[in-house]
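Here is a quick tour of a model, written for someone who likes to look at the atoms while reading. Have the viewer open and follow along.

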Amino acid sequence: MKLAIVGCGDLGRALLDELEPAVFSGVRGTTTRPERIAELEALGIEAEVLDVADETRVRALLADCRALVLTVAPRGGRDYRTTYLEGVRHALRAVRETPVEHVIYT
């Protein structure tokens, strides 16, 4: 099963440290900060910069994933409502058009 972690900040990064690699056929992680890509890729995952409000990009990220963990946090001047309500709402709409069967929201 392929897993996507949207939001590899402190919490998403801690989750990556605890994952059992044999359980997943691959892990994708996202960040809003381009400078974190190399760090995430060094952990052996596919990494990309993603704005959770971009449904098209979220849908593409999840095109072959069966599980999604959302660990997003406000960044770049965004408020809590924009991130936690609207951003997650966009992500969940995108999930409907993907093979994702499991969503964990933190």
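How many salt bridges does a search of the whole structure find? The search finds twelve. Keep in mind that this is a predicted model.

## The sheet

Let's start with the strands. Five of them form an open sheet, in the order β3-β2-β1-β4-β5, and the pairing is parallel. The edges belong to β3 (46-49) and β5 (102-105); each has a single partner strand, so one side of each is left without a neighbour in the sheet. Ignoring direction, neighbouring strands are turned against each other by 15 degrees on average. As background, strands of a sheet pair through backbone hydrogen bonds, either parallel or antiparallel.

Strand β2 (residues 26-31) pairs with β3 in the parallel sense over four bridges, and Thr31 stands opposite Val49 in β3. Further along, β1 and β4 run parallel and are joined by four bridges, with Ile5 having Val69 in β4 as its bridge partner. Four bridges also join β4 to β5, again running parallel. There, Val69 has Ile104 in β5 as its bridge partner.

## Strand β4 and its two faces

Which residues of β4 point one way, and which the other way? Ala67 and Val69 go one way while Leu68 and Leu70 go the other, and all are buried. The general rule behind this is that side chains in a regular strand alternate between the two faces of the sheet.

## The nonpolar cores

The largest nonpolar core has 16 residues, and those with the most contacts inside it are Val6, Leu62, Leu68 and Leu70. At least two residues of this core come from each of β1 (2-6), α3 (55-61), β4 (67-70) and α4 (80-95). The largest share is from α4, which supplies four residues. There is also a second, separate core of 13 residues, including Cys8, Val27, Ile37 and Leu40.

Setting aside its neighbours within four places in sequence, Leu62 is in contact with Ala4, Leu68, Val95, Thr98, Pro99 and Val100.

## Salt bridges up close

Back to the charged pairs. The side chains of Glu46 and Arg28 meet in a salt bridge at 2.9 Å, N to O. Glu46 sits in strand β3 and Arg28 in strand β2, so this pair ties together parts that are 18 residues apart in sequence.

Glu48 and Arg57 meet through their side chains in a salt bridge of 2.9 Å, N to O. Glu48 is partly exposed, with a relative accessible area of 25%, and Arg57 also counts as partly exposed, at 36% relative accessibility. The side chains of Glu35 and Arg33 form another salt bridge, with 3.5 Å from N to O. In that pair Glu35 counts as exposed, at 61% relative accessibility, while Arg33 counts as partly exposed, at 25%.

Definitions and conventions
Residues numbered from 1 in each chain as written. Predicted model: local features only at pLDDT ≥ 70, side-chain atom pairs only at ≥ 80, totals over all residues. Heavy atoms only, no water. Core = buried A, V, L, I, M, F, W, Y, C linked by side-chain atoms within 4.5 Å. Buried < 20%, exposed > 50% of the residue type's maximum accessible area, 1.4 Å probe, protein only. Contact = heavy atoms within 4.5 Å. Pairing = 2+ DSSP bridges. Axes fitted to C-alpha atoms, helices over the stretch in contact; angles between N-to-C directions. Salt bridge = Lys/Arg side-chain N within 4 Å of Asp/Glu carboxyl O.
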